[in-house]
Amino acid sequence: HLQPEVRRINVAELSTMVVPGSQHIEDKMYHPPEGLQKDAHVPDFNCYLELYKKSIEEPDAFWKEVASDFYWKKPPTGQILQYNFDVTKGNIYVKCMEGATTNMCYNVLDRNVKDKNLGERVAFYWEGNSPDHHEAITYGQLLGQVCRCSNTLKQMGVRKGDRVAIYLPMIPELVYTMLACTRIGAVHSIVFAGFSAESLCERIMDSQCSILVTADGVYRGEKLINLKQIADEALEKCREKASATVTRCLVVKHHALRTQDGDVANTLSLSSVNLTPVVFPVVQTPWDAACDVCWEEVMGQVSEHCEPEWLDAEDPLFILYTSGSTGKPKGVLHTVAGYLLYTSLTFKYVFDHQPDDVYWCTADIGWITGHSYITYGPLANGATSVLFEGIPVHPHVGRFWEVIEKYRVTKFYTAPTAIRLLMKYGLDPVQKYDLSSLRILGTVGEPINPEAWHWYHEVIGQKRCPVVDTFWQTETTFPFFGVEPTILNEHGEELEGEAEGYLVFRRPWPGIMRTLYGNQERFENTYFKKFPGFYVTGDGCRRDRDGYYWIAGRIDDMINVSGHLLSTAEVEASLTDHGAVAEAAVVSRPHAVKGECLYCFVTLKDCREFNRTLVDELKRQVREKIGPIATPDFIQNAPGLPKTRSGKIMRRVLRQIARNEKDLGDLSTMADPKVVEVLFNHRCETAS
């Protein structure tokens, strides 16, 4: 786990931070409690070194041992990992246990229920947006619901290899659907429920999904989101673009069942929910009888038994879209066996999972963290997890701490953005609750700053919980056993000792992405063409004199807003779609809570006026085209943009203007240096 910014962990210590590894913060060492270290899966550093050495020098033996814990219809034989990372030697490929057959759903459910007798163990404590809505789902119940959903999808015509789009909030039906897809060999494409109709449409079209699964509506705090209406708009956009591949839309009555004292007779997925009547506005759910199917009706008509489809180890498991530096999102493809092995192993060791744990990852399943460390990783280990629908500050700012006390959470995994947000409210909301159950804390999605780390460690962890600060991408999950990082300069030369350059990896691991769906050429150009023989992460990295690696942040045109990686090109395209905008450039600006926020420079067409109305229109346009997470904080009038003589926008200069940094360095290549003074005079001091 290569450490961003704050904590320094030697590359040789990639997996020791959970328990045996010490943690460096501002030259101070933080050791884990002896009791925690004694019972850890990796009890000391020497044990880790042995495992890491084996994973590098004997990868086949290492991964075969990991694979032995799972069920294989046809066992793996021969070489475990085969690959080519060098574009000069042919097509890039990675294969893990090719020829073996298995099923992800069988391994995370049937294996636990039938082979390990965990049918009565709670798989998920679902905690709704309102504290009054909650449900405990055992492994046995989860298996039954997944089989029902599998049969439902099959009745709707879904077959092995078909793509299914899922646009659902953090509710049990989301887990049921994604696991049902894996059971029958379909490929799920989950779209974060905060994305707009345009973003949903784009992802449906790119992966050519045949079925869409959504819900009527959902509350995020006190805000009501009409998901079905957004879904319908997305499907209409698909039809307008002559790419209407979706034949049926399966709709969950989430809002209707959980916010009204009305139709709760069908409690198929609500058997243990405490339903307290709440007065909420009613969602007017649009309905097309030719396309729409009611989840509650069809789920009650099918069997809760469904045989799994046995798949090749390298068959596709899911597609997940990540922002693309060229503006078009990239459909990252993961495959069955490698992803199973890697998420299982990383979850077990990163969080030092123990049988009595109650684990809570606050991410959304719409992101890779949620795929890996809410669904697949925990279930592969028979873990008990919290599945949380709400937000940190609803109905009060102590909601996170209330949930930890309620379920006696032992392992808590959240984002620095959430920590910084909750820090603002002081100690009182925390001290109302008993957090003594916590044993390990985790952070994910972005670098954590020292102030947030100290508060998390001292206030939430009460100075006794190690903080696992994890680094990864949609494409890679965690740098872990079997991963060899190194640093290259601009010329592709490997750097020794103290150095700063490009973070790259020498070899694959089972859970690495396989391709970009339908676009192998873009996959190779993006990740392998720059430095043949290496996988390029897109991150800059610095190694200090002690050999510690520090992640310096993105080197391409990407911005990390509250842990969400956004493409500046995608935001710029949204801005220039407005009739008043001739040109736009987007850069990052530091933000006290989000980490980074969007600072936008817009050049208007002749005779167009820059005013408050226009700013509001532009923000609304970005929100509608991409989603609320991409809403700009700053939009500045830019009569001209700093460009080189060849016409390339100098984003380095724009970032410094956004930060009000007057020392701009070398401007000798700038076509018109006078532009800079004008932009400084038009700078936004406060959010638009």
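Student: At what angle do helix α20 and helix α21 pack, and how far apart are their axes?
Tutor: This is a predicted model. In it, α20 (residues 651–658) and α21 (residues 674–681) pack at an angle of about 30°, and their axes are 10 Å apart. Angles under 35 degrees count as roughly parallel, so α20 is roughly parallel to α21.

Student: Left-handed or right-handed crossing?
Tutor: The crossing of α20 past α21 is right-handed.

Student: Which residues make the contact?
Tutor: From α20, Val-653, Leu-654 and Ile-657; from α21, Val-676, Leu-679 and Phe-680.

Student: And by class, how many are nonpolar, polar or charged?
Tutor: The contact of α20 with α21 has six nonpolar residues, with no polar and no charged ones.

Student: Switching to strands. How do β29 and β30 run, and how many bridges join them?
Tutor: They run antiparallel, with four bridges joining β29 (residues 558–561) to β30 (residues 564–567). Val-561 stands opposite His-564 of β30.

Student: What about the turn of that hairpin?
Tutor: Two residues lie between β29 and β30, and Ser-562 in the turn has a positive phi of about 55°.

Student: Now helix α12. How many of its residues are buried?
Tutor: 13 of the 13, covering residues 368–380, so α12 is largely enclosed by the rest of the structure. Just after α12 comes Gly-382, with a positive phi of about 65°.

Student: Which residues of α13 are buried?
Tutor: In α13 (residues 399–407), the buried ones are Arg-399, Phe-400, Trp-401, Val-403, Ile-404 and Tyr-407.

Key
Residues are numbered from 1 along each chain as its sequence is written. This is a predicted model: local features need pLDDT of at least 70, side-chain atom pairs count only at pLDDT 80 or more; totals for chains, interfaces and linings use all residues. Side-chain values use heavy atoms; hydrogens and water are left out. Buried means under 20% relative accessible area, exposed over 50%, partly exposed in between (1.4 Å probe, protein chains only). Axes are lines fitted to C-alpha atoms, for helices over the stretch in contact, and angles run from 0 to 180 degrees between N-to-C directions. Angles under 35 degrees count as roughly parallel, over 145 as roughly antiparallel, 65 to 115 as roughly perpendicular and the rest as oblique. A crossing is left-handed if the near helix is turned anticlockwise from the far one by less than a right angle, and right-handed if clockwise. Contact means heavy atoms within 4.5 Å. Ala, Val, Leu, Ile, Met, Phe, Trp, Tyr, Cys and Pro count as nonpolar, Asp, Glu, Lys and Arg as charged, and the others, Gly among them, as polar. Two strands pair if DSSP finds at least two bridges between them.
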